[in-house]
Structures are given as C-alpha cells and as structure tokens.
Amino acid sequence: GQGMKVNAPLILTRPDPSVLDEFPALRAFPSLIKLALAQKLQLIELDERTPIFSEGEDADSAFFLLSGEVHVLRGGASLATLGAGTLFGIVACIDNGVRSATCVTGGAARLLRISSQDFDLLFESGHRFAYRLVDLIARQLVANVRAANRNLPVEEEQVSMPKQPFQVEHDDSSLDSLWFGAASDLSFQARASYLEGAPIVM
C-alpha cells in the first residue's frame, strides 16, 4: 500500500504573493492585500500521503488547499475528500476547540497555512482581509449546511410550519453587515468558484 509519513514535521516556507492566485477565492483580492496576506501564510509542499492534523488535537492553524486532495477521517471512517480550492481546519481555530476530524493528504499536495495566532491578529487589527475571510467561511458553511440537508432522509410526516413567519430584526450596524459589506467588492465569479463543491470545514 501507499506509505504515509508519521509524526513528520511539516516544512513551512514563506510563499510568493503570486502563489495566492492558485486559490480561486483569493485570486480576486487586490495585489496589496495579497502581498500583506502572504506575510502571514506558510507554503507546505508535500510529495506523498501525509497527515496534516489528527482528531482531538488542539487547533493551531487553518489551511488553504492549492492542489491535491485531503481525506477527512473520523474514528477511522472516511467522511469526505476535499479538493483544491478548499479552506479547512478553520472551525476549531474560531471556537478554540479541538480538531473534530483527522485530515490526511491523498498524495502530493500543496497547501497554505495560517496560524490561529495570525488569524486572530488579523481581526484584532481590523485588517480588511479578515472580514473577507469571514465572508468566505460563512458562504462555505452555508454550502455545507445545504449539502448536508440534501443528504438527509425525508420523512413522510412533515412538520407543520407556523402560520406567521418569524420576524427577524435587522440592524445595519450588526457584525454580519460589517462582514458582508466589507467583502461586497469580491466578484460573484470568485465566490461562485470558491463554493463550487465546497466540502465540510473542521
């Protein structure tokens, strides 16, 4: 069978800003933002099947998959295979939790890594990219929920809906308005290409 490195440290190098163009959702970012972001990222280039992180570990980073595949495992069972253009490992960084699954490359792969510390610093500094990143995360999570809903079995007995729909107060100063407003200049094509086949996020 195909071998796998065990507990081998990942070799990290500083990427050239042009490398960010390999990730569809980052391609549309202005050059200045890509230049600043490249200072916070590490490039990982792998030539064989390699574990990225394991279920139950403390989260210290998130990853942008540039090329190759990443297999998602939980309790030894396969949950999904992630393709290029996927952001993964972000949920545990946001809630300071532990990894909900194990991620292993299927073979040769290239990834960009952002540390949890740098992820937090982007938000604390009010960096514009941070809000764009939240936009991307939110849209991928929405795609994940929709995909999960499509896979749920439909019961014959439907739950009755209330006669009056729930009313949601909208406050233009709310955080979600800030997130999506700050990212409003991202092109529709960039968002669409990012969401195309967007899988689960750990």
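## The sheet

Strands E3 and E8 (residues 109-115) pair in the antiparallel sense over 6 bridges, where two strands count as paired if DSSP finds at least two bridges between them, and where strands (E, at least two residues) and helices (H or I, at least four) are DSSP runs numbered from the N terminus. Ser67 stands opposite Arg110 in E8. The open sheet has 4 strands in the order E1-E8-E3-E6, with antiparallel pairing. Because strand E1 (41-46) and strand E6 (86-88) stand at the edges with a single partner strand each, one side of each has no neighbour in the sheet. From one strand to the next, the twist averages 25°.

## Basis of the model

This is a predicted model, in which local features need pLDDT of at least 70 and side-chain atom pairs count only at pLDDT 80 or more, while totals for chains, interfaces and linings use all residues. Residues are numbered from 1 along each chain as its sequence is written, and side-chain values use heavy atoms, with hydrogens and water left out.

## The loop residue Glu55

Glu55 lies in the loop between strand E2 (51-53) and strand E3 (61-67), and is partly exposed, with a relative accessible area of 38% (buried is under 20%, exposed over 50%, partly exposed in between, with a 1.4 Å probe and protein chains only).

Not counting residues up to four places away in sequence, Glu55 touches Leu73, Arg74, Gly75, Arg99, Ser100, Ala101 and Thr102, contact meaning heavy atoms within 4.5 Å. The C-alpha atoms of Glu55 and Ala101 are separated by 4.2 Å, although these residues are 46 residues apart along the chain.

How values were computed:
Axes fitted to C-alpha atoms, helices over the stretch in contact; angles between N-to-C directions.
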